[in-house]
Amino acid sequence: QVQLVESGGGLVQPGGSLRLSCAASGSIFSSNGMGWYRQAPGKQRELVAIITNGGSTNYAHSVEGRFTISRDNAKNTVNLQMNSLKSEDTAVYYCNYYRIYRGGVRGIDYWGKGTLVTVSS
């Protein structure tokens with residue numbers, strides 16, 4: 001089992017910035033990916049950004065250039081620096097964790113409870 005705890009959500013004005021953090025604990029596998037998904041009311045959950053233990057990243061086109069994902073392998077944490085926020089970024093942001101097995105096979109997903117980000121003036 002893996003537990004994920006998010007923090008950093010809140011209310012911010014358009015153009016502002018927020019920094020989300022997620023701490024993982026439990027049965028952490030050395031080869032893994034961590035990242036963020038988000039879901040707005042009435043919309044599908046979508047990928048925001050992910051990063052592997054080796055530093056490989058993947059961003060959604062809608063956030064690339066504005067958001068930056070990073071991690072600290074020693075602390076089992078992942079961060080998401082969100083700049084130039086738009087109203088369209090308003091959503092519940094969920095921390096995600098998955099194991100990476102031999103051959104690059106992705107394991108099942110673990111999820112945090114989510115943290116709300118509201119971008120509004």
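## Chatting through rings, a disulfide and strands

Q: Which ring does Arg45 lie over, and at what distance from the ring centre?
A: In this predicted model, Arg45 lies over the face of Tyr37, 5.8 Å from the ring centre.

Q: Nice. And where is Tyr37 itself, buried or exposed?
A: Tyr37 is buried, with a relative accessible area of 13%.

Q: Where does the charged end of Arg106 sit?
A: Over the ring of Tyr98, at 3.6 Å from its centre.

Q: OK, on to ring-ring contacts. How many aromatic pairs are there in the whole structure?
A: The search finds 3 aromatic pairs. One of them is Phe29 with Tyr101: the ring centres are 6.0 Å apart and the planes make an angle of 40 degrees, so this pair is tilted.

Q: What about Tyr37 and Trp111, what kind of aromatic pair do they form?
A: An edge-to-face one, with 5.1 Å from centre to centre and 75 degrees between the planes. Tyr37 lies in strand β4 and Trp111 in strand β10 (residues 105-111), so the pair ties together parts that are 74 residues apart in sequence. Trp111 is partly exposed, with a relative accessible area of 29%.

Q: Let's stay with β4 for a moment. How many of its residues are buried?
A: 7 of the 8 residues of β4 are buried, so the strand is largely enclosed by the rest of the structure.

Q: Which strands does β4 pair with?
A: β4 pairs with β9 in the antiparallel sense over 8 bridges, and Gly35 has Asn96 as its bridge partner in β9. β4 also pairs with strand β5 (residues 46-52), again antiparallel, over 6 bridges. There, Gly33 is bridged to Thr52 in β5.

Q: Which residue takes a positive phi in the hairpin of β4 and β5?
A: Gly42, with phi near 75 degrees. That hairpin has 6 residues between the strands.

Q: Switching topic: how many disulfides does the count come to?
A: The count comes to 1 disulfide. Cys22 and Cys95 form it, with their sulfur atoms 2.0 Å apart.

Q: Why is the disulfide of Cys22 and Cys95 called left-handed?
A: The torsion about the S-S bond is about -90 degrees, so the disulfide is left-handed. It links distant parts of the chain: Cys22 is in strand β3 (residues 18-26) and Cys95 in strand β9 (residues 91-101), 73 residues apart.

Q: Are those cysteines, Cys22 and Cys95, buried or exposed?
A: Cys22 is buried, and Cys95 is buried too.

Q: Last topic. What is the strand order in the open sheet of 4 strands?
A: The order is β1-β3-β8-β7, with antiparallel pairing. β1 (2-7) and β7 (67-72) stand at the edges with a single partner strand each, so one side of each has no neighbour in the sheet. From one strand to the next, the twist averages 15 degrees.

Q: And over how many bridges do β7 and β8 pair?
A: β7 and strand β8 (residues 77-82) pair over 6 bridges, in the antiparallel sense. Phe67, for example, has Met82 as its bridge partner in β8.

Notes: Residues are numbered from 1 along each chain as its sequence is written. This is a predicted model: local features need pLDDT of at least 70, side-chain atom pairs count only at pLDDT 80 or more; totals for chains, interfaces and linings use all residues. Side-chain values use heavy atoms; hydrogens and water are left out. A disulfide is a pair of cysteine sulfur atoms within 2.5 Å. Helices (H or I, at least four residues) and strands (E, at least two) are DSSP runs, numbered from the N terminus. Buried means under 20% relative accessible area, exposed over 50%, partly exposed in between (1.4 Å probe, protein chains only). Rings of Phe, Tyr and Trp (its six-membered ring) pair if their centres lie within 6.5 Å; planes under 30 degrees apart count as stacked, over 60 as edge-to-face and the rest as tilted. A charge sits over a ring if NZ of Lys or CZ of Arg is within 6 Å of the ring centre and within 35 degrees of the ring normal. Two strands pair if DSSP finds at least two bridges between them. Axes are lines fitted to C-alpha atoms, for helices over the stretch in contact, and angles run from 0 to 180 degrees between N-to-C directions.
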